Amino acid sequence: MKKNEFRAEPVSCSVKPLSFCQELCIGCNQCASVCQVDIMIPSPEKGKHPIVMYPGECYYCGSCVMACPVKGAIRLRHPLMNQTKFV
């Protein structure tokens, strides 16, 4: 039986919706599992934060931040255009 091998590389994008605090993130990957648009994949290194593969497709819903068991480990940053609507 032939094995299929898949490879993925992060897509570069000017938008950076998520930032992870290296000191606080425990690498549980709960944020990646609840992401509605699957922009993250679990890190291959144990204890590291997920890899954001498709940052431009983020819905800015905040489900990843809410699912994180460690407060402050993930920061969701809305684009400047969206920030003016929340004021």
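This is a short chat about one predicted protein chain.

Me: What am I looking at, and how are residues numbered?
Reply: It is a predicted model, where local features need pLDDT of at least 70, side-chain atom pairs count only at pLDDT 80 or more, and totals for chains, interfaces and linings use all residues. Residues are numbered from 1 along each chain as its sequence is written, and side-chain values use heavy atoms, with hydrogens and water left out.

Me: How many helices and strands does the chain have?
Reply: There are 3 helices and 4 strands. Both are DSSP runs, numbered from the N terminus: helices are H or I with at least four residues, strands are E with at least two.

Me: Which pattern do they follow along the sequence?
Reply: The pattern reads β-α-β-β-α-β-α.

Me: What does the C-alpha trace span?
Reply: About 60 × 25 × 20 Å along the principal axes.

Me: How much of the chain is buried?
Reply: Buried residues are 26% of the 87. Buried means under 20% relative accessible area, exposed over 50%, and partly exposed in between, with a 1.4 Å probe and protein chains only.

Me: Which residues touch the most other members in the largest nonpolar core?
Reply: Leu-18, Phe-20, Cys-31, Ile-39, Met-40, Cys-64 and Ile-74, out of 14 residues. Strand S1 (18-20) and helix H1 (30-34) are the elements that give two or more residues to this core. A nonpolar core is a set of buried Ala, Val, Leu, Ile, Met, Phe, Trp, Tyr and Cys residues joined through side-chain atoms within 4.5 Å.

Me: Why would nonpolar side chains be together?
Reply: In soluble globular proteins, nonpolar side chains tend to be buried together.

Me: What does Ile-39 touch?
Reply: Leaving out residues up to four places away in sequence, Ile-39 touches Leu-18, Ile-51, Val-52, Met-53, Tyr-54, Glu-57 and Cys-58. Contact means heavy atoms within 4.5 Å.

Me: And Leu-76, where does that lie?
Reply: In strand S4, residues 74-76. With residues up to four places away not counted, its contacts include Pro-17, Leu-18 and Cys-58. Leu-76 and Phe-20 are 56 residues apart along the chain, yet their C-alpha atoms are separated by 9.1 Å.

Me: New topic. How many disulfides are there?
Reply: A search of the whole structure finds 0. A disulfide here is a pair of cysteine sulfur atoms within 2.5 Å. For Cys-31, the nearest cysteine sulfur is that of Cys-28, 6.3 Å away.

Me: Which residues other than glycine have a positive phi?
Reply: Asn-29 is one of them, with phi near 65 degrees. Asp-38 also has a positive phi, about 50 degrees. Most residues other than glycine have a negative phi.

Me: Where do Asn-29 and Asp-38 lie?
Reply: Asn-29 is in the loop between S1 and H1. Asp-38 is in the loop between H1 and strand S2 (40-41). Asn-29 is buried at 19% relative accessible area, whereas Asp-38 is exposed at 52%.
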